[in-house]
Amino acid sequence: MPLKEEQIRRIFGLKLRQLREKKDLSLYGLSKKTGLSKSYLNEIEKGKKYPKPDKIVAISEALDSSYDDMVSMKLSGKMGPLSDMILSGVLKEIPLQMFGIEENHLIDIIANAPEKVTAFIGTLFEMARSFDISKDYFYLSALRSYQEAHMNYFPEIEKSVKSFCNRYQINTEKKLSSKELDELLQEEFGYSIIYKKINHKDLDGQIRSVFVPQRKELLLDSEMSESQKVFILAKELAYCHMNINVRPLTFSWIKFQGFDEVLNNYKASYFAGALIINEDHLKKGLEKILGAKTWNPNALFKLMFSFTESAETFFQRITNLLPVHFGINDMFFLRLSHTDDEKTIEMNKEFHMGKSDHPRGVNSMENYCRRWVCTDILVNKRDYSEQKGVRLGIQKSRFENSGDEHLIFTASNQDPFNRKVERSVCIGISLDARQKRKLKFLDGKKVKNREVGKTCERCAIEDCQERVVKPKILNRLKHKERIEERIEKLIDELKFLTD
């Protein structure tokens, strides 16, 4: 990939600064040696200007450097990792502006950092390259940070949904239909909507809609469920009502062109969830369920099906309301999938708030604990309450490595596009003393208590019947600890003999 002019200017400026400081010259001093103005040299160092060849010659002679070294794209010493970052373009992939950071300011901070700090940053960069961390990973990680910073609740979008419903007289007290939303998109926003089977074998059931902005055509897979159609049409209405043009054109997305697409996709999804599931209605229903003395899965089924048959849409919407309406700020959301002919369970979506950092995606090659209710429900379907093809489960989980306790609600169903795949979603609520007092059904017989781990490879639970592989990572760590303990004993023995 050809270098951009901005990258070349930035690296040249850093190199000039590095060589100048090595010579212990101020900008004023270098100005006197080169005959170039101090302000001009300052703009070069900041990456704003690139000097002409004759000026590069003057600068290189003043700094006892060769012309070729001055124009090379490699920085030396502690700034070495910084040139790699600039050349890779990775800083362009991170949405720094969302955190109030300018790229130039970040580069200045790194350039001024002590050598050990710069080496540490370089190490992180090398790790990212080694594990092939893509820009999509950076974007989605930034989005999760954005959600957490706002407690996963966005009052401006909630307000926008209420305004939309008033403007177009949408009644969210009843379940929305795809026919109603289809008609609105065509009549009010000039859409042409085409229903056609689009998921051929090579698409693996991943594409459910394609939008052609030039013609305002929306192609929807005709084999989708009613709930899926409602969600996708609601997202399109979100793009229209909120005047969003920078957006992915497929659902599910294939790739993001920039962070604005990621953020706008999330905002449209949030709008769709809020449109489908009325905030006040859901709040009242959850108050009854969470405040009951006995756990009642039928009450949760009834509440969910009053809005949608999509467990994922329902559970995602609950995560919007728990922090602001129920004071539950320490929680996580997960989505997992399991294929009948494969042993592994994949975690393909996660979101954590507060201190709830497990279960968390670790290494995709490891086996997530089968004692979690959200993994168990994928393989032991008969053990759970079921209605309309959706199964519900609940569990009080205690993590063996930390002792942390969580209440976990989970739901699972068959993937509508791939009948070999089972999907589950779950919400985990950290159980501190306050939550235990509030959730009175916790100690009832219908809520199972289980000790759980992260993955089989890291788990210390003995005689685990659900284990699918031996705890090889844990055993390796223990072996290392035993070696370290033995070395310490040897040192103590030698010290005793010498004394």
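Contact here means heavy atoms within 4.5 Å. Keep in mind that this is a predicted model.

**Stop 1: helix H2.** Select residues 27-34, which form H2. Color Leu-27, Gly-29, Leu-30, Ser-31 and Thr-34: these residues of H2 are buried.

**Stop 2: H2 against H4.** Hide the rest and keep these two helices. The axes of H2 and H4 cross at roughly 115 degrees and come within 9 Å. H2 and H4 are therefore roughly perpendicular to each other. The crossing of H2 past H4 is right-handed. Now show side chains. From H2, Leu-30, Lys-33 and Thr-34 make the contact. From H4, Ala-58, Ile-59 and Ala-62 meet them. Sorted by class, the H2 contact with H4 has 4 nonpolar, 1 polar and 1 charged residues. Leu-30 and Thr-34 are also among the buried residues of H2.

**Stop 3: Asn-152.** Jump to the loop between helix H10 (135-149) and helix H11 (155-168), and select Asn-152. Is Asn-152 buried or exposed? Asn-152 counts as buried, because its relative accessibility is 1% and the cut-off for buried is under 20%. Leave out residues up to four places away in sequence, and Asn-152 touches Gln-147, Tyr-266, Tyr-270, Thr-319, Asn-320, Phe-351 and Met-353.

How values were computed:
Residues numbered from 1 in each chain as written. Predicted model: local features only at pLDDT ≥ 70, side-chain atom pairs only at ≥ 80, totals over all residues. Heavy atoms only, no water. Buried < 20%, exposed > 50% of the residue type's maximum accessible area, 1.4 Å probe, protein only. Helix = DSSP H or I, 4+ residues; strand = E, 2+ residues; numbered from the N terminus. Axes fitted to C-alpha atoms, helices over the stretch in contact; angles between N-to-C directions. Parallel < 35°, antiparallel > 145°, perpendicular 65-115°, else oblique. Left-handed = near helix turned anticlockwise from the far one by under 90°. Nonpolar A, V, L, I, M, F, W, Y, C, P; charged D, E, K, R; others polar.
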